[in-house]
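Here are a few notes to go with your first look at this one. Have the structure open as you read, and take the points in any order you like.

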Amino acid sequence: MKILEWLPKESAYDYTYRVLLHNIVNLELPPGDEVSSNKLADTLSVSRMPIREALNELSRIGLVRILPQRGSYIAKIDVQLVKESRFMRLVLEIAVAKLACEGIDAKYLEAMHENVEAYRRADRAGDYDKTLELDNAFHQLIFLSADKAWVYDNLRTQMIHFDRLRRLAMGIIEDKGENTIKDHEDLIYAITRHDAEMAEMLLNRHLTHYQMDLSRLMKEYPDYFISKRADAE
């Protein structure tokens, strides 16, 4: 489990939630693992109250399963939620990318180029936590450039299920990082040329890679996934 630094003025609950979310999304806490409130409280140096509150919230969004008299467990990756969150992202991001193609401030294009180079360095270093962070930041820039920050913030809460799949694929799927870099560079090109049709095609391609990744990962890590809601019971 990776321990993060406390942020200034961060409450015990906010810190606990952020640390648990980071570790679940980045698979430091693998799907199916039991979670001990006592151990977490000791590890994070907080009381059990923020632990319980954080676990309840993570349960609400489908990342933790709390079973009465049995304990708390990291939820397995729900294939249906992955598909639905990917669909939501695709629909929204295509619409936002088309807005960006109408005209984009140079500062966002510069930030996108810088992001691609930072991603390349992180990928070469094998820092996959960082590459996932940078991947999300790249797409956030598209939303920001179209003045759709609120839309992105709401979308991010739904993307965490998709993010766990993406994080699992990093370092396992060959050329995953290089494919992401190429897709991002091509998307910058399309936006720069104001080519909304190309941007839509590229996003469809970029967000469809997951289908091949999902099939392979489910075979390699069958205990990490549930493919039907009934499997969760």
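1. A quick definition before anything else: a residue is called buried when its relative accessible area is under 20%, and exposed when that value is over 50%. Asn26 comes out at 7% relative accessibility, so it counts as buried.

2. Keep in mind that you're looking at a predicted model. The chain has an average pLDDT of 91, and 97% of the residues score at least 70. Helix α5, residues 106-124, has the highest mean among the elements of the chain, at 97. At the other end is helix α10, residues 209-220, with the lowest mean, 84.

3. You'll find Asn26 in the loop between α1 and β1, the latter being residues 34-35. What does the side chain of Asn26 make a polar contact with? The partner is the side chain of Arg167, at 3.5 Å. Setting aside neighbours within four places in sequence, Asn26 is in contact with Asp129 and Leu132 as well as Arg167.

4. Tyr17 is worth a click too; Tyr17 sits in helix α1. Not counting residues up to four places away in sequence, Tyr17 touches Ala54, Glu57, Leu58 and Ile61.

5. Now the largest pocket, which holds about 770 Å³ of space. Which elements give two or more residues to its lining? They are α1 (12-25), α3 (48-60), α6 (128-145) and α7 (149-169). The lining of this pocket has 26 residues, and those nearest the centre are Leu21, Asn136, Arg156, Ile160 and Asp163. Sorted by class, the lining has eleven charged, nine nonpolar and six polar residues.

6. How many cavities of 30 Å³ or more turn up in a search of the whole structure? The search finds two. The largest cavity has about 200 Å³ of space, and 17 residues line it. Nearest its centre are Asp135, Arg166, Lys176, Thr180 and His206. At least two lining residues come from each of α6, α7, α8 (176-192) and α10, with α8 giving the largest share, four residues. The lining of the largest cavity splits into six nonpolar, six charged and five polar residues.

7. The second largest cavity has about 60 Å³ of space. Its lining is made up of Arg89, Glu93, Asn136, His139, Phe143, Tyr152, Leu155, Arg156 and Met159. Each of α4 (79-102), α6 and α7 supplies at least two of the lining residues. Which element gives the largest share of this lining? That is α7, with four residues. By class, the lining of the second largest cavity has four nonpolar, three charged and two polar residues.

8. One last thing to look for on screen: Asn136 and Arg156 are among the residues nearest the centre of the largest pocket, and Asn136 and Arg156 also belong to the lining of the second largest cavity. Selecting that pair is a handy way to find your way around.

Methods: Residues are numbered from 1 along each chain as its sequence is written. This is a predicted model: local features need pLDDT of at least 70, side-chain atom pairs count only at pLDDT 80 or more; totals for chains, interfaces and linings use all residues. Side-chain values use heavy atoms; hydrogens and water are left out. pLDDT is the predictor's confidence in each residue, from 0 to 100. On a 1 Å grid over the protein atoms alone, a cavity is a set of points where a 1.4 Å probe fits but cannot get out, and a pocket is an open set with protein on both sides within 12 Å along at least five of seven lines; lining residues have an atom within 4 Å of a point. Grid points are joined across faces, edges and corners, and a volume is the space filled by probe spheres set on the points. Ala, Val, Leu, Ile, Met, Phe, Trp, Tyr, Cys and Pro count as nonpolar, Asp, Glu, Lys and Arg as charged, and the others, Gly among them, as polar. Buried means under 20% relative accessible area, exposed over 50%, partly exposed in between (1.4 Å probe, protein chains only). A polar contact is a pair of N or O atoms within 3.5 Å; within protein, one must be able to donate a hydrogen and the other to accept it, and residues adjacent in sequence count only if both atoms are side-chain atoms. Contact means heavy atoms within 4.5 Å.
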